[in-house]
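Have the viewer open as you read.

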Amino acid sequence: MTTLDHRLIDLLVCPLCKGKLQMLRDEAQQPRALACPADRLGFPIRDGIPCMTEAEAQPWDADEAS
């Protein structure tokens, strides 16, 4: 599995609102998505590459994730 460079991830913003993103992790603590709390969307990470297009975004609820 390709790893993410967290220094670069910190530079990414939501493509829709330009807001700060949160890293979402799976049960094994592997990065699975970058989430925008303002838009309530999650952008999946595939093979270590964030898919940052509106078409790839999935609904995400911060309240359910906590």
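Start at Glu 56, whose relative accessible area of 28% makes it partly exposed. Keep in mind that this is a predicted model. The side chain of Glu 56 meets that of Arg 46 in a salt bridge, 2.7 Å from N to O. Arg 46 sits in strand E3 and Glu 56 in the loop between strand E4 (49-50) and E5, so this pair ties together parts 10 residues apart in sequence. Arg 46 counts as partly exposed too, at 43% relative accessibility.

How many salt bridges does a search of the whole structure find? It turns up 2. Arg 40 and Asp 61 form a salt bridge as well, and their closest N and O atoms are 2.7 Å apart. Here the link is between distant parts of the chain: Arg 40 belongs to the loop between strands E2 (31-36) and E3 (41-46), while Asp 61 is in the loop between strand E5 (58-59) and helix H2 (62-65), 21 residues away. Arg 40 is partly exposed at 41% relative accessible area, and Asp 61 is partly exposed at 25%.

Now for the inside. In soluble globular proteins, nonpolar side chains tend to be buried together. In this model, the largest nonpolar core has 10 residues. Its members are Ile 9, Cys 14, Leu 21, Leu 34, Cys 36, Leu 41, Phe 43, Ile 45, Met 52 and Ala 57. Which elements give two or more residues to this core? Those are E2 and E3, with E3 giving the most, at 3 residues.

Terms used. Residues are numbered from 1 along each chain as its sequence is written. This is a predicted model: local features need pLDDT of at least 70, side-chain atom pairs count only at pLDDT 80 or more; totals for chains, interfaces and linings use all residues. Side-chain values use heavy atoms; hydrogens and water are left out. A salt bridge is a side-chain nitrogen of Lys or Arg within 4 Å of a carboxyl oxygen of Asp or Glu. Helices (H or I, at least four residues) and strands (E, at least two) are DSSP runs, numbered from the N terminus. Buried means under 20% relative accessible area, exposed over 50%, partly exposed in between (1.4 Å probe, protein chains only). A nonpolar core is a set of buried Ala, Val, Leu, Ile, Met, Phe, Trp, Tyr and Cys residues joined through side-chain atoms within 4.5 Å.
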